[in-house]
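Dear colleague,

I am handing over the structure we spoke about, with the sequence alongside. Please keep it open while you read the notes that follow.

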Amino acid sequence: MKKKYSQEVYDFIAANVKGLSTEELVNLTNEKFNLDFTTARMHSYKRNHKLKSGIRYNGWRKRKKLFPEEIDKFIRENATGMYNKDLTELVNKTFGTNYTKNQIDCYKTNHHISSGLTGHFEKGHIPQNKGKKMSEEQYKKCAATMFKKGNIPHNYRPIGSERIGKDGYMQVKVADPHTWKQKHVMIYEEHYGPIPEGNKVIFLDRNIRNFDIENLACVTSAELARLNQNHRISTFPEVTKAGLTLERYKSEVRKKRKEHGH
């Protein structure tokens, strides 16, 4: 039986295939998901999913690594204390390359290279303007835009407002100042109560804008993984329900066999 991979794995490979050799893509994917892709298997996966790197090979000539050893060494030696944007500019200026900030960021993450920067002020940091008062001229310039007691910001969103999150799911504001909740989760909990830890609510027809309670189902993370691996989430709710029932039945069978030592 052919090994199948989750939608998350497909999305990752599709997002990174351009400009990478098969060997580089294998290393990147295996390191990200702790998988066991081989070069041959990745070749087949790319071919079956019509994914192309855009790289043209000249006979048996091997393509150079995206990050040669000297650049890897340079990144490791200079990463500390530098933001990715600055490091990218330094690398490109030094080696005459055209890496993007995202490529440097991914390379550092996948190779466990840290800048040591936290993005916030360290404990004990003293602001340069501490204890200093604005001059009368500065105060006049800022007075028009200063917040006054009771003033409501122009971009304030009232409770009950809706927005689309970065992951594409609809969110609803449930509390001030900035507490939002996924709409489908909120609707499910209104009908069935709190969702158990480790469980997720899915759309039975894959339409993340269909909030009908009959289109929502609560599954465990393991069940969701099985549904994705076996491609059992359909655009037809009945098919997805049948797939979920099958996976739960198979899980129960495995559990019984384990209990009886089979």
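This is a predicted model: local features need pLDDT of at least 70, side-chain atom pairs count only at pLDDT 80 or more; totals for chains, interfaces and linings use all residues.

Which element gives the largest share of the lining of the largest pocket? That share, seven residues, comes from H9. Residues are numbered from 1 along each chain as its sequence is written, and side-chain values use heavy atoms, with hydrogens and water left out.

The overall picture

The secondary structure of the protein chain comes to ten helices and five strands, where helices (H or I, at least four residues) and strands (E, at least two) are DSSP runs numbered from the N terminus. Of the 262 residues of the chain, 30% count as buried, buried being under 20% relative accessible area, exposed over 50% and partly exposed in between, with a 1.4 Å probe and protein chains only. Among the contacts (heavy atoms within 4.5 Å) between residues at least 6 apart in sequence, 42% join residues at least 24 apart.

The largest pocket

The largest pocket holds about 1100 Å³ of space. A pocket here is an open set of points on a 1 Å grid over the protein atoms alone, where a 1.4 Å probe fits, with protein on both sides within 12 Å along at least five of seven lines, and lining residues have an atom within 4 Å of a point; the volume is the space filled by probe spheres set on the points, which are joined across faces, edges and corners. Of the 36 residues that line this pocket, Gln7, Glu8, Leu224, Asn228 and Ile233 are the closest to its centre. Two or more lining residues are given by each of helix H1 (7-16), helix H8 (183-192), strand S4 (199-203), helix H9 (221-229) and helix H10 (237-259). By class, the lining has 15 nonpolar, ten polar and eleven charged residues, with Ala, Val, Leu, Ile, Met, Phe, Trp, Tyr, Cys and Pro counted as nonpolar, Asp, Glu, Lys and Arg as charged, and the others, Gly among them, as polar.

Helix packing

The buried residues of helix H6 (residues 101-110) are Ile104, Tyr107, Lys108 and Asn110, and they pack against helix H2 (22-33), helix H4 (69-78) and helix H5 (84-95). The axes of H5 and H6 come within 9 Å and cross at roughly 105 degrees, the axes being lines fitted to C-alpha atoms, for helices over the stretch in contact, with angles from 0 to 180 degrees between N-to-C directions. H5 is therefore roughly perpendicular to H6, since angles of 65 to 115 degrees count as roughly perpendicular, those under 35 as roughly parallel, those over 145 as roughly antiparallel and the rest as oblique. Asn84, Lys85, Leu87 and Thr88 of H5 make this contact with Lys101, Ile104, Asp105 and Lys108 of H6, a set that by class has two nonpolar, two polar and four charged residues.

Turning to the other helix pair, the axes of H2 and helix H3 (residues 39-48) come within 9 Å and cross at roughly 100 degrees, so these two helices are also roughly perpendicular to each other. Their contact is made by Thr22, Leu25, Val26 and Thr29 of H2 and by Thr39, Met42, His43 and Lys46 of H3, with three nonpolar, four polar and one charged by class.

Loops and backbone

His112, in the loop between H6 and helix H7 (136-143), has a positive phi of about 55 degrees although it is not a glycine, and at 70% relative accessibility it counts as exposed. Arg206, in the loop between S4 and S5, likewise has a positive phi, near 70 degrees, in a residue other than glycine, and is partly exposed with a relative accessible area of 45%. Asn210 lies in the loop between S4 and strand S5 (216-220) and, not counting residues up to four places away in sequence, touches Phe203, Asp205, Asn215 and Leu216. Finally, a cis peptide bond with omega of about 5 degrees joins Asp176 and Pro177, and Pro177 lies in the loop between strand S2 (170-175) and strand S3 (179-182).

With best wishes
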